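Please read the following note beside the sequence and the structure. Each point takes up one part of the fold and may be checked in turn.

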Amino acid sequence: MRIRRLLIANRGEIAVRIIRACREMGIETVAVHSTADAGAAFVTLADQAHAIGPPPATESYLKIPAILDVARRTQADAIHPGYGFLAENAGFAAACADAGIIFVGPPASAIERMGSKLGARDLMERAGVPVVPGARPDDQSEAGVKAAALTVDVPLLVKASAGGGGKGMRTVRDVSELDDAIGAARRESLKAFGDGTLYVERLVERPRHVEFQVIADRHGNVVHLFERECSVQRRHQKVIEETPSPALTPSLRARMGEAAVAAARAVGYENAGTIEFLLEGDGEDARFYFLEMNTRLQVEHPITEEVVGVDLVRAQLAVAGGEPLPWTQAELSQRGHAIECRVYAEDPRQQFLPQAGKLLLYREPYGPGIRVDGGVQQGDDVSVHYDPLLAKLVTRGETRDAAIDRAIAALKQFAILGLRSNVAFLIRVLQHPRFRAGDIDTGFLDAELPSLIAPSPAQEVDAQTRLRAAVAAAAWRTAQPRTRANATASGDEAATVATLPDPWETLEGWRG
Amino acid sequence: MTNTPTKKFRASVDDASFDVEVAADMIKVGDAQFVVSPRGQTLDVIPESGGGPPASAARAFVATAGDVTWVSIDGEVFTIDIEDAHHTRRPRAAAGEGLSAPMPATVIRVLAEPGREVKRGETLLLLEAMKMELPVRAPRDGKVKALHCQAGQLVQPGVPLVDLE
């Protein structure tokens, strides 16, 4: 059943991405949006757009009845949930099925299965996919959990089964710390999730986060599209992703790919998904463990597209329409290197506080091997109601070094004025010797953070010159006679508008 | 060139302040000299090398909003306050203007009451949003004129919470 009209249950850059694929395939698009997004790029790009509520996500992008109502009224054949919002909501997937609307993603049962950390772990173990060594005690008394913990080597993590976002988790480096850790983890878990069930896992030190893209059709075909290295993270939020991973050898890659496909088969998966692994060590002796499965298209999917030469959203839509996968495993290979930098409306010098404001100037970089998946335009008012991701800068190069050089050059060309962004921070991460050397793990950003927020001593002279050059530019502009041409060419705010004090100026730091 | 009037400014960015002189396309920032020329929608800013090898141009993107000039050079963004040397700048929060929350937040504590004299930088309110504590501080010396919120209240961005005289 070919999809003729698709409703995109999302916003921003991913909505733009999906609409682009639809345009190429001749699929009509229906956008749904909150009142805050009425003028957004994705709303303008879609064939039709319908307002579904006020700015807060709970009253708009998460409002299942409102979204399904629009789908029915517009006679949309299918809904693409993007990522975040309702993408991994089994109830939404089921509601679509009940309404006779194709959900571009896996069956609700697969979403549900992978939503429980312990359930997913069990399933993977039974399927022969390596999981982090650990123990799940049936006896949940303090003594029972302690006994289970003693079967696992230190260092270990006492984790809450109902947990997430680091809550209900305690690190134990010596068995003497066990009693306290179990008590604390249980109390925190009960308070946060109302469930004190605990399990124990070995703590993998300095792990890399390496994930594999998979896609399955409805005809029994499952393939993987290789890996993405996502270790550059801050507080579990990814900042830079790349492929291929510098840590993988061809044989390790093949073994992990097989495990990813086995995982997808074990859960009866359909459509696109990602298997996340923790990688301990690198090269031939590295050990990999299943961490979790994301039953949706991921933010960082473009780097896979660039290196493997495929269009994943197009493939998603084809699979959802009942077609077989367009490639066999043997036909897929990696060529060159791709890096994605997530450009966030955040101020790294104010503990990455999300920024709001009007985009006075917004100029994306362009050129060979430069791809920008963005969702904002100059003049947009960026609010804090949603994820602060402004755009994804994806650079491709023949080699890893070439891709890094290109990313740095492209970021320097990325002009975002009117609110603070992490562009300068991203440049420093890419320039860091550890990043260049590929010597990264999930602790890299936290470990090197102070040096990444401000220019290094070596960069100090240049930084001072740049500061003065900026002042010179500002002064020159101020000294010019104000003409209409001046004002409109550079995106200046009309002089009368900014009389209210900028509330962001009354903020000076924060305490987490 | 000799007849071009020189405009003088005082510029502040981050913690630094500079005396700036603009004479046509020659700009003096403290002790440093630059030549600025427009190129398309950007500005080329070339440091004067004072007889040494020519320095490379910095390409600056510039946009202004009210009193603040935003400049981006090689990905680094600066917010610069430029004051005309002859006129005092309009104060950041004009008399009677209200201070508001930058994002939807909950008021944890109200620390100032109407009639109280406050100093620049003093915390007037404590807000909580996205698991962070956000102090709302007085942008200048003044007297609290009115309070429009109370502890425990959920407030929306842009709505005045406290008025300073």
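1. In this predicted model, chain A holds an open sheet of 4 strands, arranged in the order β6-β9-β7-β8 with antiparallel pairing. The edges are taken by β6 (134-135) and β8 (170-172) of chain A; each has a single partner strand, so one side of each is left without a neighbour in the sheet.

2. How many bridges join β7 and β8 of chain A? Strand β7(A), which covers residues 156-160, pairs with β8(A) in the antiparallel sense over 3 bridges. To locate this pairing in the display, one may look for A:Leu157, which stands opposite A:Thr171 in β8(A).

3. A nonpolar patch lies on the surface of chain A, formed by A:Leu150, A:Val154 and A:Val175. Together these residues have about 250 Å² of accessible area. A:Leu150 belongs to helix α7 of chain A, which spans residues 142-150.

4. Is strand β13 of chain A mostly covered or mostly uncovered? This strand, residues 271-280, is mostly covered, with 10 of its 10 residues buried. For this count, a residue is buried if its relative accessible area is under 20%.

5. β13(A) has strand β10 (residues 208-216) of chain A as a partner, and the two pair in the antiparallel sense over 9 bridges. Within this pairing, A:His209 stands opposite A:Leu278 of β13(A). β13(A) also pairs with strand β14 (residues 287-294) of chain A, in the antiparallel sense and over 7 bridges. Here A:Glu276 has A:Glu292 in β14(A) as its bridge partner.

6. β13(A) and β14(A) form a hairpin with 6 residues between the strands.

7. Chain B contains 0 helices and 16 strands. Of its 165 residues, 41% count as buried. Among the contacts in chain B with a separation of 6 or more, 37% come from residues 24 or more positions apart.

Key
Residues numbered from 1 in each chain as written. Chains lettered and ligands numbered in written order. Predicted model: local features only at pLDDT ≥ 70, side-chain atom pairs only at ≥ 80, totals over all residues. Heavy atoms only, no water. Pairing = 2+ DSSP bridges. Buried < 20%, exposed > 50% of the residue type's maximum accessible area, 1.4 Å probe, protein only. Contact = heavy atoms within 4.5 Å. Patch = residues over 30% accessible without salt bridge, like charges linked within 9 Å, V, L, I, M, F, W, Y side chains within 5 Å. Areas by Shrake-Rupley, 256 points an atom, 1.4 Å probe, with all protein chains shown as cover. Salt bridge = Lys/Arg side-chain N within 4 Å of Asp/Glu carboxyl O.
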